[in-house]
Amino acid sequence: MVKENLAYVEEQIQKACDKVGRKREEVTLIAVSKTKPVALIDEAIDYGIQEFGENKVQEIMDKFDTVKAPVHWHMIGHLQRNKVKYIVDKVCLIHSVDSYRLAEMIDQEAEKKGVISNILLEVNIAKEDTKFGAMEEDVPGLVEQIAKLPHVRIKGLMTIAPFVENSEKNRVHFRNLRNLYVDIKNKNIDNVDMKILSMGMTNDYEIAIEEGATMIRVGTGIFGERNYTI
Ligand SMILES: *Cc1c(COP(=O)(O)O)cnc(C)c1O
């Protein structure tokens, strides 16, 4: 099943790229493996996937130890400050930084482990009450502040768009995030290396690619529906 799903997703990515004249290499597919067993991750690895997204610290730690192939783990879920220490040297990118306090903790723990932590700022671009993420108007100030932390490197922005029946409705949000990204990039702030726009999930990744996503996070579309009751 993973094989067929991946083939389908790959075809859609290519189509979206073709539609707007982008190159396939500009878009990194992250397979979101949360709640899914290592057997399915291994299957995805067999078909060439090396980037995996997880949203829970404990699950990253378990899978980090169990998956033997050299893959990259992405922390895409809300991160509590007291858990930063468990993953700061295990993940290649933390997508979900939305406060200075969290960035400061990542900086401290990265220093202890002797690493530089690559992060994205999560933006609540549609201003949903139920979502984490910084408000758009606060992001430029937050970037300036976090950029001063020596063991943290801002690589771009991330958003989780609203759940909508018609993915076209999210186009405006993706476009707004991209505009914010370009504005920040143009400031050429020291220690800020804006090159990643992490946006688009199973329901809307094609639209996100059309609007400039460089990373898409696809779970259900690769591994099937998640069952949270087991
Ligand atoms: C679960 C999750 C995804 C993947 O969602 P699907 O709809 O299954 O593709 C992407 N991003 C984040 C932050 C998630 O938590």
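These notebook entries record what I looked up about the ligand site and the domains.

**Basis.** I worked from a predicted model, in which local features need pLDDT of at least 70, side-chain atom pairs count only at pLDDT 80 or more, and totals for chains, interfaces and linings use all residues. Residues are numbered from 1 along each chain as its sequence is written, and side-chain values use heavy atoms, with hydrogens and water left out.

**Ligand shell.** I listed the residues with a heavy atom within 4 Å of the ligand; among them are Val 32, Ile 76, Met 158, Arg 217, Gly 219 and Arg 226. By class, the shell holds 6 nonpolar, 3 polar and 3 charged residues, with Gly counted as polar and Lys and Arg as charged.

**Polar contacts.** I looked for N or O pairs within 3.5 Å. A polar side-chain atom of Thr 202 lies 2.4 Å from a ligand oxygen; for Thr 220 the distance is 2.5 Å, and for Lys 34 it is 2.6 Å. I then noted that the ligand alone exposes 390 Å², of which the protein buries 91% (Shrake-Rupley method, 1.4 Å probe).

**Domains.** I took the bounds from an automatic or database assignment, which gives domain 1 (1-75) and domain 2 (90-207). Their C-alpha centres lie 20 Å apart.

Note on methods. A polar contact is a pair of N or O atoms within 3.5 Å; within protein, one must be able to donate a hydrogen and the other to accept it, and residues adjacent in sequence count only if both atoms are side-chain atoms.
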